[in-house]
Structure formats: structure tokens, C-alpha cells
Amino acid sequence: MFKSFEPNKIFAITSKAPKYVLSLFIVVLSIGLMEALVLSPEDYKQSDAVRIMYVHVPAAWISLGIFSHLALLSIGSFIFKNKNFALIAKSLAPSGFVFSIIALVTGSIWGKPTWGTWWAWDARITSMLILALFYSMYLLAWRIYKNKEQVIKITSIIAILGVINVPIIKYSVDWWNTLHQPASINILSNNSIHISMLIPLCIMTAAFALFSLLIFLMKYNMELIKVKNKGLDRL
Amino acid sequence: MINEIFSMNGYGVYVWPAFSFTLISFATLYFLTKLQLLKEQKKFAYKFGSLNDEKARVARSQSINKEILSNILKI
């Protein structure tokens, strides 16, 4: 079932893809920045401070999405004993970590003009901080443990435990009284965000997703070359 | 017009640092990853170059090794 996804077969694609993804990312990001910083309207309450949303929200979404994928891949590597899943998860984690940091920092900057404080131990912010800590533990585990079997087990456990936090982040605004407003974008019901703000938000999300794909491809290629370097040592 | 974009009704001091931090983080992660990738590619080229003819023939028989070498040659 997973034979067509074997590293040897897909390396021809993953090694060529980054230059195309980088070009597309630059185009989409340029359009997104133009929309977010110049063309989109200011908010009637928050004025221009609302523009921080165009980096804060996509960063939070992508970091949550990547962590969910880490957990799924970890479960997959446990069930199917496929080491390629662990390699894919390892390559996804750095961009997820950077996005969680961007979400925290830009959220803190946005907090000052809207709430009057850089930081509050609010349920959403605290759970987001916990996500960043899980990302750090995941990445550190790959650096600390050298035994491959052991590190795959430990990182998988971290990802599976950490994914419990993902629904907590998502529903924290509904379960607790927080400074954050409830979700403005719902797939199943009407959005409370105006289309003139939704479009730049979607473009910036696409740009951020392309960036995480770019970093993933570069990291994955690097991991495969590392494996092949070890293979040359064994010859 | 330019002043309006920079000041953003007084919120420029928050908006520009948020965007700058994001873009600097992107650039840092991209260049660090690129450096690491180049380092591994160089290591591969060095190891491949130090193989004897027989071992090099065996290594070259794997398509992924050929692909890595062709990427290194393009750099």
C-alpha cells in the first residue's frame, strides 16, 4: 500500500519540487502582503491593529494542522512500522514550531493595542504556549536520542500526548471565559468575518501553507541524504 | 499616502513589528534549512568521491544516489 511512497521513488519529485514551491510562495506571499497591509479595510473597532490577524491567525492554524499531522503520522508509524512516516513527521516539525512561535509573538503584539496587555494567562494563549512546548520537546527528543527505534517511540508518544491539546486550543474560547473572541470562521455555518477580510486571510493562509511545504520538502530531502550518507558508510 | 501606510492610524508600531517578525522568522528558517541541506549534500559528495571503483559502481546502481549526485552537480 505504501510502496509508491517509498523514499527512493519519491526523491526524484521531492528534490525538484522546492524551487517551484519557492517561486509560488513568493508570488502568493506578495499578493497576500499587498492585500493584508494596503488593500484590506481597517476594522471599525480595532482600526489598523486588525491587520496583525493576517499573520497571527494563519500561523496558529498551520501550527495546529502540522501538529495534528505529526500525531497521525506517529500513530501510522506505530501501526504500520513504517519508518518513512517518522521521517515525514520529523521534517514537518520545524516549520510547525516556528509557526507556533509566530502565533505567540504576533498574538502578544496584537494583545497590547486591543486588550492593553502583552500577555495574559488566558486559556487560548496558555494552551498555545503548551503546544509550542510540545513542539520543543518533539524536536529536542530527535536531537538527544541517537537510537533510531528509541527516538521514533519517544517522539511518537510526545506527538500523541500533545495532540490532546489541539481540541483544547480549538474549543478553549467556548469552554472558558477568555480574552479571545469565539471563532469568526466556521466551515459548517455562516462566517462572522466580512469577505473583504476573509480573502486576504485565505491568501496569507495559502502562503503560509506553501512555506511549510517548502521547508518540509527541504528537510525531507536532507533526511533522505543523511540516510544515504549512512548507507555509503556501510558499503 | 506613504505616511498613512507606515503610521496605520497610530497602530503601525504594532503592525509592522508583527509582520517583520514573521518575515524574519521565515527567512531565518529557510536559510538555516538551506545551509543544513547543502552541508549534507557536500558530505555525500565527499563520501561518494572517496569510494573505490567497485563500491562507487554499487552505489551508483541506486537511482536515489544518482539523483542526489545530479542535484549536487547543479549547485
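Me: Is Ser77(A) buried or exposed?
Reply: Start with the scale. Buried means under 20% relative accessible area, exposed means over 50%, and partly exposed lies in between (1.4 Å probe, protein chains only). Ser77(A) has a relative accessible area of 9%, so Ser77(A) is buried.

Me: What should I know about the model before going on?
Reply: This is a predicted model, where local features need pLDDT of at least 70, side-chain atom pairs count only at pLDDT 80 or more, and totals for chains, interfaces and linings use all residues. Residues are numbered from 1 along each chain as its sequence is written, chains are lettered from A and ligands numbered from 1 in the order in which they are written, and side-chain values use heavy atoms, with hydrogens and water left out.

Me: Where is Ser77(A) found, and which residues does Ser77(A) touch?
Reply: Two ideas first. Helices (H or I, at least four residues) and strands (E, at least two) are DSSP runs, numbered from the N terminus. Contact means heavy atoms within 4.5 Å. Ser77(A) is in helix α3 of chain A. Leaving out residues up to four places away in sequence, Ser77(A) touches Asn82(A), Phe85(A), Ala86(A), Ile152(A) and Ser156(A).

Me: How many residues are in the largest nonpolar core?
Reply: A nonpolar core is a set of buried Ala, Val, Leu, Ile, Met, Phe, Trp, Tyr and Cys residues joined through side-chain atoms within 4.5 Å. Here the largest has 91 residues. Those with the most contacts inside it are Met53(A), Leu70(A), Phe99(A), Met204(A), Phe208(A), Phe211(A) and Phe19(B). Helix α8(A) gives the most to this core, with 19 residues.

Me: Which residues does Leu70(A) touch?
Reply: Again, residues up to four places away in sequence are not counted. Leu70(A) then touches Ala89(A), Leu92(A), Ala93(A), Tyr135(A), Tyr138(A) and Ala159(A).

Me: What area is buried between chain A and chain B?
Reply: Buried area is the accessible area (1.4 Å probe) that two parts lose on being put together, summed over both. For chain A and chain B that is about 3,900 Å², and carbon and sulfur atoms give 78% of it. In chain A, Met218(A), Leu232(A) and Leu235(A) lose the most area to chain B, together 16% of what that side buries. The contact takes 51 residues from chain A and 38 residues from chain B.

Me: How many salt bridges and polar contacts are there between chain A and chain B?
Reply: A salt bridge is a side-chain nitrogen of Lys or Arg within 4 Å of a carboxyl oxygen of Asp or Glu. The count between chain A and chain B is 0 salt bridges. A polar contact is a pair of N or O atoms within 3.5 Å; within protein, one must be able to donate a hydrogen and the other to accept it, and residues adjacent in sequence count only if both atoms are side-chain atoms. Between these chains, 6 residue pairs are in polar contact, both at pLDDT 80 or more.

Me: Which helix supplies the largest share of the side of chain A that touches chain B?
Reply: That is α8(A), with 16 residues. By type, that side divides into 34 nonpolar, 8 polar and 9 charged residues. Ala, Val, Leu, Ile, Met, Phe, Trp, Tyr, Cys and Pro count as nonpolar, Asp, Glu, Lys and Arg as charged, and the others, Gly among them, as polar.

Me: How many salt bridges are there over all chains?
Reply: A search of the whole structure finds 5. One of them pairs Lys83(A) with Glu149(A), with the closest N and O atoms 3.1 Å apart. The pair links distant parts of the chain: Lys83(A) is in helix α4 and Glu149(A) in helix α6 of chain A, 66 residues apart. Lys83(A) is partly exposed at 43% relative accessibility, and Glu149(A) is partly exposed at 49%.

Me: How far apart are Glu223(A) and Lys226(A) in helix α8 of chain A?
Reply: They are 3 residues apart, about one turn of the helix. Their salt bridge has its closest N and O atoms 3.9 Å apart. Glu223(A) is buried at 7% relative accessibility, whereas Lys226(A) is partly exposed at 30%.
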